[in-house]
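Dear colleague,

Please find below the structure that I am handing over to you.

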2 protein chains.
Amino acid sequence: MRKEEISNRYRSLQDHIIRELEHIDGFGKFIGDKWQREEGGGGHTQVLKDGTILEKGGVAFSEVYGEVSSAMKQQLQMEGESFFATGVSIVLHPKHPRHPIMHMNVRYFELNSGEYWFGGGIDMTPHYVNHEEAVLFHQSLKDLCDRHHPKFYPEFKPWADNYFYLPHRGETRGIGGIFFDYKNEDNTGLSKENLMNFCTELGELFPVLYKDQVRHKKLSPPSIEEKQWQALRRGRYVEFNLLHDKGTKFGIYSGGRTESILMSMPPQANWEYAFEPVPQSEEYQTLKTLKIIPDWIPSK
Amino acid sequence: MRKEEISNRYRSLQDHIIRELEHIDGFGKFIGDKWQREEGGGGHTQVLKDGTILEKGGVAFSEVYGEVSSAMKQQLQMEGESFFATGVSIVLHPKHPRHPIMHMNVRYFELNSGEYWFGGGIDMTPHYVNHEEAVLFHQSLKDLCDRHHPKFYPEFKPWADNYFYLPHRGETRGIGGIFFDYKNEDNTGLSKENLMNFCTELGELFPVLYKDQVRHKKLSPPSIEEKQWQALRRGRYVEFNLLHDKGTKFGIYSGGRTESILMSMPPQANWEYAFEPVPQSEEYQTLKTLKIIPDWIPSK
């Protein structure tokens, strides 16, 4: 499978996801922004603002290539002079505090040495954790993983829990999901084509998962307390992305396109010194869950 | 000069600054929060919320000691088994977009080897850069520096410009000020006592500088555009502190007290994808200035 085919698959995936998300939102439209990278390649960042469900959503495709920089060498710890990387990234910030933030990334990386790997994942950050919704989300991810490899979900679920952990808060960013990296034929036994199919299906699952989380809800307009809590949780999202997220930090420090990397930022975020939710409140329960990191699907 | 004396000087400095800032604000009061550090020492973080001028202000004192951790060794690149560190940090986020964000830090560090140094600085982040206010600010800092050492301002001004630079935005956090670190008798020719006096006077200058920036202004209630711009500039403040600020990153990664470190966060910050101010607007001019990094006081 040639790298151009892989790019094209990701490009089509972006189109598909955008159509589906616009359909779910019912009003908001994505506006595209094509950019070029001086050293090789470029991307297409598409952003939706002020929809009915989405306050801000970004779906970005990129295909970049060129010389392996020293920053990349340090991060990748692999040998090679030139690279090729392509993928799709999504972050959705909903208007309503009872709808979750959802994030996805699927990517492919290749070195001129012939070495290649796939990476990615989907994770969810509800402002209020709801047990059934969390189980539904994880079950769908597990079902998809299980169709491709019995070891994927058991490996990728804890990988997400570790990746999306904020050590300085002692809590996870949300209820996790799956995360994986450096996957190729050697370490999975799946052909390149099958790994590509896994990534494509994961991408196609994204709008389905999002719809699952927002469709059946009858919501009242949010209270001031709910909006306040949403803004504080968004503050944590910012903290994770800027302090800990390897992807964001690598992009920023290695001179990636700032606006495309930081499209993940919420439209608005708040901080309050030493905020503590009222004991036993829903906010309190959410925080408690984020400190436990549950197995949403108990093993049989 | 013993380390306990230095702590006491910083403790008194915190009290003095709090009194002065409460006086300037005229309504808001600081609420204190004493904390202990398991490995040794502790601090007193004081935060003001919803004053007349200040929307959120924090003035923190800390005195911590213990074993030199591997994180510290890496950052400091110095030899020693145990350390002692004390200092005062301030960040003020005003309500009105025509008032600036102002930051100060003075600190002292000592190793059991006998090695010691002072560090610190004051810098200002106006949401709207005003040339006269910037010159007044820098002139006051230069006057103080010049009373202590002719080389301080010429060295510390560019140090601040470099320190408070956001490479991923190609702009400085604000109009800078002064920043210094690792200063002791060997590299300044000033005795420990005189360096302590410099830090104390810098701390005492802080409320004077803040008053200079806010007192003579007759302000109308802010427009929606001004508030929006303020929120975006606060977003940049967050980006700097979480992505680049060595002090914040060191504190977070080495297990410092999260709430005290992140008291620097604004009460609210916004992000907007690929925002561009209207050409020739005040917002546009401010951004232009932050990309130039002017010498506010031309050398004669």
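The notes below cover the contact between the chains and then one set of strands.

This is a predicted model, in which local features need pLDDT of at least 70, side-chain atom pairs count only at pLDDT 80 or more, and totals for chains, interfaces and linings use all residues. Residues are numbered from 1 along each chain as its sequence is written, while chains are lettered from A and ligands numbered from 1 in the order in which they are written.

Between the chains, 23 residues of chain A are in contact with 23 residues of chain B (C-beta atoms, placed from the backbone, within 7 Å). On the side of chain A that touches chain B, α7(A) gives the most, with four residues. Helices (H or I, at least four residues) and strands (E, at least two) are DSSP runs, numbered from the N terminus. β10(A) and β10(B) (residues 268-270) run antiparallel and are joined by three bridges; strands pair if DSSP finds at least two bridges between them. Here Asn270(A) stands opposite Gln268(B).

Within chain B, β3(B) (residues 54-67) has ten of its 14 residues buried, so it is largely enclosed by the rest of the structure. Buried means that 20 or more other C-beta atoms, placed from the backbone, lie within 10 Å of the residue's own. Antiparallel to β3(B) run β2(B) (residues 41-49), through nine bridges, and β4(B) (residues 82-94), through 13 bridges. Ser62(B) in β3(B) stands opposite Gly43(B) and has Gly87(B) as its bridge partner in β4(B).

Yours sincerely

Notes: Contact = placed C-beta atoms within 7 Å. Buried ≥ 20, exposed ≤ 12 C-beta atoms within 10 Å, placed from the backbone.
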